[in-house]
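Biologist: I have a model open and some questions about it. Can we go through them one at a time?

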Amino acid sequence: MATESQLLRNAYYDQIHIPSLYGGQVGQRLTISNRTVQSLSFFLKRTGSQAPSDYGYWFEIRKVSDDSLVASKEMTPTMNISTLGEWKTGTFASPVLINEEVRIYVRNTAAIGGSNYISIAYQSTDVKASESLTRYPSSVWTEDATYDLAYQYEWGVAPAVTTQAATAVAKITATGNGNVTNLGSPAATQHGHCWSTSANPTIADSKTENGVPAATGPFTSAITGLTPNTLYHTRAYVTNSDGTSYGADVEFTTLKAGGAGLNTGLAELMLD
């Protein structure tokens, strides 16, 4: 796993649970390019000693484009945050692939009241370019490019693959063609082709398992057990520990049973 971070901090946003001030949501606006995010970390501090045992907070990710929530992790009660300040890490149940501008933030909307609250650390100097502190004070997100939240996220790179036209199409067999363009991080553990009579097949359908790809580049799969004179869909796939990536859906039609003539091997390719 790799990490991206801004570890410097010289101040705190206090009382982030108060909606009228910070909306209970404070974080960083940044762009994450083709990374599978595993976890988020923020530097938090607790002030006061009155917090219900079931009072929690959340680490979340939202798209800037449409403000949709893409990942959320409920954390332990705020009473478990040190009064001296500490890094807290939330690991998502399912890693999420992100390739756009997002907001990573802490959500803490329930007011404890008075002198009991949690704070989040930020940096007021040496701010990262193209990033800004973000908060939600009154039904809309606002940015402050003069501040840089203290954060870290752990990430991997999704593997990538493309699908080419099927060749050697016969009555009950065909050759699938693909190209692994990125092995991913963690590295890919399996690759091949999947197929079905329905569009966009997955590895839950019929598939080949060609093993660990040794390097990027083209590969083929022996697609077998087909029915004559039938339209099929196939996609190349590559898998790592974070999940499976697919190429485009490619169509081909098997030859008729008992048909004569040369197999043209024509296929319709739906481009990536």
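Biologist: Is Q6 buried or exposed?

Modeller: Q6 counts as buried, at 5% relative accessibility. Buried means under 20% relative accessible area, exposed over 50%, and partly exposed in between, with a 1.4 Å probe and protein chains only. This is a predicted model, where local features need pLDDT of at least 70, side-chain atom pairs count only at pLDDT 80 or more, and totals for chains, interfaces and linings use all residues. Residues are numbered from 1 along each chain as its sequence is written, and side-chain values use heavy atoms, with hydrogens and water left out.

Biologist: Which residues does Q6 touch?

Modeller: Leaving out residues up to four places away in sequence, Q6 touches W87, Q123, K128, D148, L149, A150 and Y151. Contact means heavy atoms within 4.5 Å. With L149 there is also a polar atom of the Q6 side chain 3.3 Å from the backbone oxygen.

Biologist: Where does Q6 sit in the fold?

Modeller: In strand 1, residues 2-6. Helices (H or I, at least four residues) and strands (E, at least two) are DSSP runs, numbered from the N terminus.

Biologist: How many helices and strands does the chain have?

Modeller: One helix and 20 strands. Of the contacts with a separation of 6 or more, 72% are between residues 24 or more positions apart. Buried residues are 44% of the 272 in the chain.

Biologist: Change of topic. How many salt bridges are there in the whole structure?

Modeller: A search finds eight, a salt bridge being a side-chain nitrogen of Lys or Arg within 4 Å of a carboxyl oxygen of Asp or Glu. One of them joins R29 and E101, with the closest N and O atoms 2.8 Å apart. R29 is in strand 3 (residues 25-47) and E101 in strand 6, so this pair ties together parts 72 residues apart in sequence.

Biologist: Which residues are in the network with R29?

Modeller: E101, R103 and E143 are linked with R29 in a network of salt bridges.

Biologist: What about R107, which residue does its side chain meet?

Modeller: E60, in a salt bridge at 2.9 Å, N to O. R107 is in strand 6 and E60 in strand 4 (residues 58-63), 47 residues apart. E60 is buried, at 2% relative accessibility.

Biologist: And E86 with K88, what is the N to O distance?

Modeller: Their side chains meet in a salt bridge at 3.8 Å. E86 is partly exposed at 24% relative accessibility, while K88 is buried at 14%.

Methods:
Polar contact = N/O pair within 3.5 Å; in protein donor to acceptor, adjacent residues only side chain to side chain.
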